[in-house]
Amino acid sequence: MEQNSISKDDFAARANTFPWPPVLFVAAVAAALVMGRSVPIAWPGTDDLAAQLVGRGFGVAGLVLIVWSVIALTRAKTTVMPNGVSDALVTTGPYARFRNPIYLGEVLLLLAAADVTKNVWFGVAAAAFVVLVTRLQILPEERHLTARFGDAYEAYRSRSRRW
């Protein structure tokens, strides 16, 4: 088989062999911290109570979304690991609205970190995380779920959002 030729069976086996999302999340945090120290940019926002509540609200929402998602996956007896094999199509809990609530939660955590630390680079890291996790994980994951669950996944995909 050619190196670039991927069969439907390959996608059905697993979305990825490497756990991109946690690695990208840690890299985003590390990059933001390093850039914040080496190339600091003045915080463009306010530091009043309303702004602090919004920033911390993003963090709380992100944590709740991640925990709720893990609980939904665990109850369905399917993998939580992004490089694992999906044994069930989960469409309840946060998955009823979003196809990737854990990744969305991680973006909210990065945005909360931007506000809490007043480090603009966390916002840049959040945007980079979205692009990279979409390309490296979500698109392969969508092919995997289509191959594994067929019409059921396509129906779910039509009524839910990627982000």
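Helix 3 and helix 4 are roughly antiparallel to each other. This description, like those that follow, refers to a predicted model. Two packed helices are described by the angle between their axes and the distance between the axes. For helix 3 and helix 4, the axes cross at roughly 155° and come within 8 Å. Since angles over 145 degrees count as roughly antiparallel, the pair is therefore placed in that class. The crossing of the two helices, helix 3 and helix 4, is left-handed.

Helix 3 covers residues 49-75 and helix 4 covers residues 101-117, and the loop between them contains Asn 83. Asn 83 has a relative accessible area of 18%. Because residues under 20% are classed as buried, Asn 83 is assigned to the buried class. Leaving aside residues up to four places away in sequence, the contacts of Asn 83 are with Arg 14, Asn 16, Thr 17, Phe 18 and Pro 19.

Lys 77 also belongs to the loop between helix 3 and helix 4. In contrast to the buried Asn 83, Lys 77 is exposed, with a relative accessibility of 68%. The backbone of Lys 77 has a phi near 60°, which is a positive value in a residue other than glycine. A positive phi, of about 60°, is also found at Lys 118, which is likewise not a glycine. Lys 118 is located in the loop between helix 4 and helix 5, the latter formed by residues 120-159. With a relative accessibility of 22%, Lys 118 counts as partly exposed.

Helix 2 comprises the 19 residues 20-38. Pro 21, Leu 24, Phe 25, Ala 28 and Ala 32 are the buried residues in question. These buried residues of helix 2 pack against helix 4 and helix 5. On the face of helix 2 turned away from the buried side, the exposed residues Val 26, Val 34 and Arg 37 are found.

Definitions and conventions: Residues numbered from 1 in each chain as written. Predicted model: local features only at pLDDT ≥ 70, side-chain atom pairs only at ≥ 80, totals over all residues. Heavy atoms only, no water. Helix = DSSP H or I, 4+ residues; strand = E, 2+ residues; numbered from the N terminus. Buried < 20%, exposed > 50% of the residue type's maximum accessible area, 1.4 Å probe, protein only. Contact = heavy atoms within 4.5 Å. Expected span 1.5 Å × (residues − 1). Axes fitted to C-alpha atoms, helices over the stretch in contact; angles between N-to-C directions. Parallel < 35°, antiparallel > 145°, perpendicular 65-115°, else oblique. Left-handed = near helix turned anticlockwise from the far one by under 90°.
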